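Welcome! Here is a short tour for someone meeting this structure for the first time. Please keep the sequence and the 3D view at hand as you read.

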Amino acid sequence: MENWPQAATVINRLKQLDTPSAKAIAAGLEAQTLAGQQRGEELNALLENLADDSDVARGAQNAIFRNKLQSEGPEAALAYVDGLLAETPDDPTLRFVRAGTLIILDRKDEGVAIYRKLLEEQPKSDRVWLTLYRVELATGTPESAKAILDEALQAAPESPTLLLAKAEQQQRDGDIEGAIATYEALYVKNTSSAIVANNLASLL
């Protein structure tokens with residue numbers, strides 16, 4: 001993003017809406033703009049002003065992280081996250097982001113260790129389980145990935161997210177009957193899911 005005048009116009013319009021979601025988007029866009037223009041002092045001032053509104057501040061932090069990741073690379077993004085964690089070391093969202101950044105940097109063991117620690121604290125977190133499964137699917141073996149998915153479903157057997165991953169895994173393995181059964185169980189619980197309905201229909 002380098003059209004700074006247009007960005008400023010959008011930010012002002014969002015602020016005028018004066019809704020929580022608009023404020024969060026405006027803060028994120030403003031933070032990304034300041035970071036992109038390397039206006040560090042103004043960026044710090046913005047974050048300080050947002051300190052009392054955690055949702056808006058998190059949106060700004062996310063924007064800065066994405067900007068650093070895209071424009072400066074994962075090392076810079078990791079340094080930024082580490083700076084935030086120095087102030088709030090137990091923040092689960094920041095730790096989750098740090099783990100993902102370590103994975104990008106090919107520091108898989110360190111990233112996985114963080115995911116595992118998060119799961120000790122939140123054993124039913126399907127977001128962490130699914131991420132860990134996908135990391136293993138991409139960097140490990142099919143067998144080790146399936147072992148993680150089985151472990152995840154033992155911890156959170158009713159999770160629609162994990163059951164969907166199971167059905168997709170069954171499809172890849174050629175277990176069509178098993179995939180149909182899993183999709184049918186999912187569809188009964190969530191008839192509004194277009195993904196589940198479409199995947200199920202494709203197998204029937």
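Let us start with Glu-136, which counts as buried because its relative accessible area is 14% (buried means under 20% relative accessible area, exposed over 50%, and partly exposed in between, with a 1.4 Å probe and protein chains only). The model is predicted, so local features need pLDDT of at least 70 and side-chain atom pairs count only at pLDDT 80 or more, while totals for chains, interfaces and linings use all residues. Residues are numbered from 1 along each chain as its sequence is written, and side-chain values use heavy atoms, with hydrogens and water left out.

**Salt bridges**

- The whole structure holds 9 salt bridges, where a side-chain nitrogen of Lys or Arg lies within 4 Å of a carboxyl oxygen of Asp or Glu.
- Glu-136 takes part in one of them, meeting the side chain of Lys-108 at 3.0 Å, N to O.
- This pair links distant parts of the chain, with Glu-136 in helix H8 and Lys-108 in helix H7, 28 residues apart. (Helices are DSSP runs of H or I with at least four residues, numbered from the N terminus.)
- Lys-108 is partly exposed, with a relative accessible area of 24%.
- Another salt bridge joins Asp-173 and Lys-146 at 3.4 Å, N to O.
- Here Asp-173 sits in the loop between H10 and H11 and Lys-146 in helix H9, 27 residues apart.
- Asp-173 is partly exposed at 43% relative accessible area, and Lys-146 is partly exposed at 27%.
- Lys-189 and Glu-158 form a salt bridge too, their closest N and O atoms being 2.4 Å apart.

**The nonpolar cores**

- In soluble globular proteins, nonpolar side chains tend to be buried together.
- The largest nonpolar core has 35 residues, of which Tyr-115, Trp-129, Leu-132, Tyr-133, Leu-162 and Tyr-183 touch the most other members. (A nonpolar core is a set of buried Ala, Val, Leu, Ile, Met, Phe, Trp, Tyr and Cys residues joined through side-chain atoms within 4.5 Å.)
- At least two residues of this core come from each of H6 (92-104), H7 (108-121), H8 (126-139), H9 (142-155), H10 (160-172), H11 (176-189) and H12 (194-203).
- H8 gives the largest share of this core, 6 residues.
- Apart from this core lies another, of 11 residues, among them Ala-27, Ala-31, Val-81 and Leu-85.

**Helix H8**

- The 14 residues of H8 should span 20 Å at 1.5 Å a residue, and its end C-alpha atoms are 20 Å apart, which agrees. (The expected span is 1.5 Å times one less than the number of residues.)
- Buried residues of H8 are Val-128, Trp-129, Leu-130, Thr-131, Leu-132, Tyr-133, Val-135 and Glu-136.
- Their cover includes H6, H7, H9 and H10, judged by contact, meaning heavy atoms within 4.5 Å.

**Helix H10 and Gln-169**

- In H10, the buried residues are Leu-162, Leu-163, Leu-164, Ala-165, Ala-167, Gln-169 and Gln-170, and they pack against H8, H9, H11 and H12.
- Gln-169 has a relative accessible area of 6%, so this residue is buried.
- Not counting residues up to four places away in sequence, Gln-169 touches Tyr-133, Leu-137, Lys-146 and Leu-149.
- After H10 comes Gly-174, whose phi is positive, near 85°.

**Leu-85 in helix H5**

- Leu-85 belongs to helix H5 (residues 74-87) and counts as buried at 11% relative accessibility.
- Leaving aside neighbours within four places in sequence, Leu-85 is in contact with Asp-91, Leu-94, Arg-95 and Arg-98.
- The C-alpha atoms of Leu-85 and Thr-191 are separated by 41 Å, the two residues being 106 apart along the chain.
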